[in-house]
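Hi everyone, thanks for making time.

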Number of protein chains: 2
Amino acid sequence: MQAPAAANLWRSTPVGVVGLGLIGGSIALDLRRLGVTVHGLVHRPETALRALQRGLVDQVSTDPAVLQTCGLVVLALPLDGLLQPDPALVAALPPQAVVTDVGSVKAPVLARWQPLHPRFVASHPMAGTAAAGVEAGEAGLFSGRPWVATPDGHTEPQALETVHDLASALGARWLCCDAGGHDQAVALISHLPVLVSAALLQAADRASSGSEQPGSAAQLPTLVRALASSGFADTTRVGGGNPRLGTLMARCNQAAVVEALQTYSQCFSELAHQVELGRWGDLEQALHQAQQLRPPFVDPPAAD
Amino acid sequence: MQAPAAANLWRSTPVGVVGLGLIGGSIALDLRRLGVTVHGLVHRPETALRALQRGLVDQVSTDPAVLQTCGLVVLALPLDGLLQPDPALVAALPPQAVVTDVGSVKAPVLARWQPLHPRFVASHPMAGTAAAGVEAGEAGLFSGRPWVATPDGHTEPQALETVHDLASALGARWLCCDAGGHDQAVALISHLPVLVSAALLQAADRASSGSEQPGSAAQLPTLVRALASSGFADTTRVGGGNPRLGTLMARCNQAAVVEALQTYSQCFSELAHQVELGRWGDLEQALHQAQQLRPPFVDPPAAD
């Protein structure tokens, strides 16, 4: 897709990247490969040094003045950093720059930032690995991944087009939706799975440790660990992830996560009752339905 | 580990493999690579032909008489086929042969088969892929995977050593435990995850389809599918698996699965309450615990 020429203007001035962790570092690397100049803003001098060594940035500083000449600034900060932004950062953002973020919850970020900057665009590049910190950024992280923007009536169309062009330049699949819809969706497909998966780890541990059978009590904790297969590893991967991030997502998206938890609880109880009552026909039908449901989640149709 | 010489004797006579699906076909392929003669027993002539074409077997038949000269017979049948065995199969098993199975639930299989054959050894090679049927078998499937035997006081030691040698020859990690302990463990790490994961698919579908918000109702079902990432794909993989197998496992292991469901339900409720009540410190601590719990399940210490 050819973006309007004006949407390309950001490429001719430095792009500011605030935070050079997994997401910020990956954006910076891709931008530099495209020949765009990147100015990084970080908290600690050690991070600044390492970012230069890794070639993430052309210039880097712990002083927000480094953003002065930027036409586009990407706030690649954790959710708490976005929701309680450093006043010095806010003051240093050039008024003419387009400003976007990468937060995984959008309604509170949009509400917080729209009054702070006239050209703010709330967005969420949905890519990740288990890595974090200045060593984590990698080239090509966003290729083929969704990049969701959540504009509203106050979002400046030209600013939105600029962020669209950024996402396209990094190979991402561009989507727009309202912030509330985004937050409901990620509660279901991202935040709920963390809790479901963490509970599974706890259950496997608790049931085996708390076993009352004399014969099994000694061996069960060892046995569950020795026998856990790739299925258990897959089902528990997100539950074994970063506890701070998992908590932040639930905290910043509490209402949608609570609703998702309630729906899940209902679905789980139905399956559990089918097992308890030996309703095998109903169980097989439910598992058949689950089998049918999965492919569109795993191989979603192209959205562009 | 060097098995006693007598445990090797099975290699000098044909090995019978009853059922040539994923597990039976994979065992057959590995055995033939080791130079062992394999006799297959299947239901349908088309399967027999295909098994020959794929090189799974030296001889194959739909007639149980094909097992006549076998010193070792592996019953690679689904759980229902093991629990309600064909009388013609039982009658055709040579009394001197060692007989083992591959069922994923052990107490009912042991109870059913011990009276049927004097040299029966209940065992469970824990490997799998999503594939099924005569095309599914693959070489090396058991390499590094657990192969659990569940002997009891009636199990003949020499027969147990023979199955141990078979498992070692196929590169599996040999473990022995009591059948009840095995069934409790697989309820927690294999059968429970199927239900947890299926409920997640249902919740993502139900919550998005049943949305009451006018703005979101139309887009949410599309959005959840477009935004689902590798995390959702991993967490729902086993829930999107074969519904017949999932139901069979729950049915044949009902008591242990019900217990696992109850423990899980308790763990999940605790996490859900922490989110509902905004107890973020407790939630972070629980997620931290889950993170610590996972590595021993994913990289279990060598059990031999």
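Which residue stands opposite G16(B) in strand 4 of chain B? That's V73(B).

Before going further, some housekeeping. This is a predicted model, where local features need pLDDT of at least 70, side-chain atom pairs count only at pLDDT 80 or more, and totals for chains, interfaces and linings use all residues. Residues are numbered from 1 along each chain as its sequence is written, while chains are lettered from A and ligands numbered from 1 in the order in which they are written. When I say helix or strand, I mean a DSSP run, numbered from the N terminus: H or I with at least four residues for helices, E with at least two for strands. And strands pair if DSSP finds at least two bridges between them.

Okay, the sheet. In chain B, six strands make an open sheet in the order 3-2-1-4-5-6, with parallel pairing. Strand 3 (59-61) and strand 6 (120-121) of chain B are at the edges with a single partner strand each, so one side of each has no neighbour in the sheet.

Now look at strand 4 of chain B. Strand 1 (residues 15-18) pairs with strand 4 (residues 72-75) in the parallel sense, over four bridges. Besides the pair I opened with, V15(B) has L72(B) as its bridge partner. Four bridges also join strand 4 of chain B to strand 5 of chain B, again running parallel, and there V74(B) stands opposite T100(B).

Helix 1 (residues 22-33) of chain B lies across strand 1, strand 2 (38-41) and strand 4, at about 160 degrees to strand 1 of chain B. Helix 6 (residues 157-169) of chain B lies across strand 4, strand 5 (98-101) and strand 6, at about 55 degrees to strand 5 of chain B. Those angles run from 0 to 180 degrees between N-to-C directions, with axes as lines fitted to C-alpha atoms, for helices over the stretch in contact; contact means C-beta atoms, placed from the backbone, within 7 Å.

Last, over in chain A, T222(A) lies in helix 9 (residues 220-227). Because T222(A) has 18 C-beta neighbours inside 10 Å, it counts as partly exposed.

Methods
Buried ≥ 20, exposed ≤ 12 C-beta atoms within 10 Å, placed from the backbone. Contact = placed C-beta atoms within 7 Å.
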